[in-house]
Amino acid sequence: MSDLSLVTGVVAGRLPIHDNEALIGGNLAKSMGLGIGDELAVDGADGEERRFVVCGLLSAMFNAGYGTILTYDGVCDLAGKGADVAETARQYVLSDPQKADEARAAIEARFGDAVDARPAGMFSDTEGMIGLIQQLFTIMGFAMAAVAATLVFLAVSLIIGRMFTVERHDLGVYRALGFTTRALRVQFALRFFLVALAGCSAGATLAALGGSWLMGQLFGLFGVSRFAIDTNPLMVGGLTLGLSMLFLIAAYVSARKVKRVDVRELVEE
């Protein structure tokens with residue numbers, strides 16, 4: 001890495017400073033039994049062995065946790081190339097992006113075919129790439145919420161259909177006693193709401209207590225050994241209440257079939 005400020009997720013030790021230091025992924029450290037201060041032996045391009053001192057452990061999806069980060073000079077020494085090798089590709093960000101065509105024309109006029117200058121596209125800078133990834137995760141979050149809402153409505157509809165078949169006689173008695181269809185629908189909705197609220201609260205509590213550890217074990221397979229779940233009480237409470245309200249609305253909507261049944265039919269059954 002030529003810009004070590006881009007590296008995040010160091011769980012132990014520090015970033016490499018010297019050319020003979022290496023920051024290694026957690027899975028690589030486990031598989032080779034390496035810790036901070038141990039030596040990582042690598043064969044260079046010239047056939048000679050290079051030894052790098054492990055200066056830190058990395059938690060990141062970099063080569064599934066088996067990646068290794070060296071200083072730029074360390075890589076050049078390992079590959080047997082100088083830091084100013086001609087075929088090295090570099091990216092530059094102009095202070096005035098509107099002058100990209102003017103800069104490229106000047107480079108071509110000065111160096112001809114010896115230098116290939118071209119725009120880098122949507123990944124021209126790290127901030128743009130990070131912003132795109134954040135947008136993708138946001139879209140995925142909304143899509144998953146929509147799928148969850150659809151599954152809730154489907155599940156509630158099926159369960160209410162079963163409950164309606166079992167409780168037909170009771171519903172007939174309630175309606176004969178003067179209960180309105182709206183009151184019966186509210187009763188169904190409240191029953192689902194209370195059960196959902198209890199279940200969501202229990203799930204949120206378990207997630208807050210052991211969710212980070214569980215996700216760390218799961219994502220540790222891909223190199224992310226440090227995983228923290230945001231357990232802000234307001235956010236957790238809002239999600240719990242919101243999901244419970246979704247069950248309440250779904251139950252109220254699905255219980256509309258109570259309107260279509262005649263009271264006399266229910267009582268006779």
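## The Glu21–Arg14 pair

Glu21 and Arg14 form a salt bridge in which the closest N and O atoms are 2.6 Å apart, a salt bridge being a side-chain nitrogen of Lys or Arg within 4 Å of a carboxyl oxygen of Asp or Glu. Glu21 is buried, with a relative accessible area of 8%, whereas Arg14 is partly exposed at 35%; here buried means under 20% relative accessible area, exposed over 50%, and partly exposed in between, with a 1.4 Å probe and protein chains only.

## Basis of the model

This is a predicted model, in which local features need pLDDT of at least 70 and side-chain atom pairs count only at pLDDT 80 or more, while totals for chains, interfaces and linings use all residues. Residues are numbered from 1 along each chain as its sequence is written, and side-chain values use heavy atoms, with hydrogens and water left out.

The structure holds 6 salt bridges, among them one between Glu39 and Arg51, whose closest N and O atoms are 3.3 Å apart. Because Glu39 lies in strand 3 (residues 39-43) and Arg51 in strand 4 (residues 49-58), this pair ties together parts that are 12 residues apart in sequence; strands (E, at least two residues) are DSSP runs, numbered from the N terminus.

As for accessibility, Glu39 is partly exposed at 43%, Arg51 is partly exposed at 45%, and Glu49 is partly exposed at 46%.

How values were computed:
Helices (H or I, at least four residues) and strands (E, at least two) are DSSP runs, numbered from the N terminus.
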